[in-house]
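Visitor: Can we go through this one together? I'd like to ask a few quick things as we look.

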Amino acid sequence: MHILKATDVYKDFHTNEVLKGVSMQVDKGAVIAIIGPSGSGKSTFLRCLNRLETIDRGSIEIEGEYMVKNGPNGRAVYASEKDIARMRLKMGMVFQNFNLFPHKSVLENLMMAPMLVNGIDSRAARDTAMMYLEKVGLSQNGPNYPFQLSGGMQQRVAIARALCMNPDIMCFDEPTSALDPELTGEVLQVMKDLAMERMTMVVVTHEIGFAREVAQRVIFMDEGAIVEEGNADEVLLRPQQSRTREFLSKVLMAR
């Protein structure tokens, strides 16, 4: 059974159709990289997977349970808010811009959701937070506030915060795009470590080298549709579609 399955997903913003029948299956322990030019619908699709955006048509299943599927009129019908909230807990999300609470310490950022959402006591939440801070190489930074950290450190805190909720799937929306090049490597290393531990991950990224090294499958999107998908070497080294070749030549030339 696929741990995550999206089928024929359509999404409009007013008259602009930003997703045009996108489908994807993710197996447990797999890393899927989604690449493509800006405005191709990658981030919107990722946000639809955990209902940060709603879809107009199609279906999304998490561990065999429908979050949304087409109703009798062919339009998307979502599960109850209670069921959606439960399903969303299975997915961790890491954004481009960290989204840490600036007035809370690193440790407080990590402890907050497990205590408020899962009802975990403060001692257990602290122990979990410290475990994941150590995992991302920031065990000394619990008392710090986000403004005292580099961008790369803040993004590692954001990853640790998502892991504290014990998700089954981790979604990353261009997690290094806001970082200076020298800080990108430390974030990618944390993600490589997670992949080695068989964490299921869906990663929207411009980091072609990371996609080739870590992803089992690569999806290339353009203009709201999947143009090409396959294993990493097939798509990145031997692309079949001219649009994929054009995109990769521009990306690699820019480096």
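Visitor: Which residue stands opposite Tyr66 of strand 5?
Guide: Glu61 does. Keep in mind that this is a predicted model.

Visitor: How do strand 4 and strand 5 pair, parallel or antiparallel?
Guide: Antiparallel, over three bridges. Strand 4 covers residues 57-62 and strand 5 covers residues 65-70.

Visitor: And how many residues sit between them in the hairpin?
Guide: Two. Glu63 is in that turn and has a positive phi of about 50°.

Visitor: What about the hairpin of strand 5 and strand 6, how many residues are between those strands?
Guide: Five, and there Gly74 takes a positive phi near 80°. Strand 6, residues 76-78, runs antiparallel to strand 5, with three bridges joining the two. Lys69 stands opposite Val77 of strand 6.

Visitor: What holds paired strands together in general?
Guide: Backbone hydrogen bonds, in either a parallel or an antiparallel arrangement.

Visitor: Zooming out, what is the strand order in the sheet?
Guide: The order is 2-1-4-5-6, in an open sheet of five strands with antiparallel pairing. At the edges are strand 2 (16-26) and strand 6, each pairing on one side only. From one strand to the next, the twist averages 20°.

Visitor: How many bridges join strand 1 to strand 2?
Guide: Eight, with strand 1 spanning residues 4-13. Lys5 has Gln25 in strand 2 as its bridge partner.

Visitor: New topic: which strands does helix 1 lie across?
Guide: Helix 1, residues 42-49, lies across strand 1, strand 2, strand 4 and strand 5. Its angle to strand 2 is about 60°.

Visitor: And which strands does helix 2 touch?
Guide: Helix 2, residues 81-88, packs on the sheet and touches strand 4, strand 5 and strand 6. Its direction makes about 125° with that of strand 5.

Definitions and conventions: Residues are numbered from 1 along each chain as its sequence is written. This is a predicted model: local features need pLDDT of at least 70, side-chain atom pairs count only at pLDDT 80 or more; totals for chains, interfaces and linings use all residues. Side-chain values use heavy atoms; hydrogens and water are left out. Two strands pair if DSSP finds at least two bridges between them. Helices (H or I, at least four residues) and strands (E, at least two) are DSSP runs, numbered from the N terminus. Axes are lines fitted to C-alpha atoms, for helices over the stretch in contact, and angles run from 0 to 180 degrees between N-to-C directions. Contact means heavy atoms within 4.5 Å.
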